[in-house]
Amino acid sequence: RAAGTQVGPFGPVPPTGRVVSYSGATFLRFDASGRIADVWSVNELFQVLQQLGVEMIPPPGFSGSVA
C-alpha cells in the first residue's frame, strides 16, 4: 500500500491537494552480480483516479461484460 497527497499534476488531473492511497506490487529481477536487471510494477491507479474525483465514462458501445 502507498499513500500520498496530490500536489502536482497526475496525467491530465491538475493538483487537488487530496490524500489518496492505493495498492500495488513491484517485482525485481537481479542479475548474477546482484544488480537490479528488471522491474515490473502493477498498481491500482484506477483507485487513485476515483479518489481524485475523476469521472470515468465508458466508451460508446461498452457493455461492461467480459466474454
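A search of the whole structure, which is a predicted model, finds 1 salt bridge. The partners are Asp 38 and Arg 29, whose closest N and O atoms lie 2.7 Å apart. This pair qualifies because a side-chain nitrogen of Arg must come within 4 Å of a carboxyl oxygen of Asp, and the separation here is 2.7 Å. In general, side chains of opposite charge can pair when their charged atoms come close.

Attention may now turn to Gln 6. This residue belongs to the loop that runs between strand E1 (2-5) and strand E2 (19-22). Gln 6 has a relative accessibility of 7% and therefore counts as buried, the limit for that class being under 20%. Once neighbours within four places in sequence are set aside, Gln 6 is in contact with Val 13, Pro 14, Pro 15, Thr 16, Gly 17, Arg 18 and Leu 52.

Pro 60 presents another setting. It is located in the segment after helix H1 (45-51). Whereas Gln 6 is buried, Pro 60 is exposed, with a relative accessible area of 85%; the exposed class begins over 50%. How far apart in space are Pro 60 and Gly 34? The C-alpha to C-alpha distance between them is 49 Å, and they are 26 residues apart in sequence.

Note on methods:
Residues are numbered from 1 along each chain as its sequence is written. This is a predicted model: local features need pLDDT of at least 70, side-chain atom pairs count only at pLDDT 80 or more; totals for chains, interfaces and linings use all residues. Side-chain values use heavy atoms; hydrogens and water are left out. Helices (H or I, at least four residues) and strands (E, at least two) are DSSP runs, numbered from the N terminus. Buried means under 20% relative accessible area, exposed over 50%, partly exposed in between (1.4 Å probe, protein chains only). Contact means heavy atoms within 4.5 Å.
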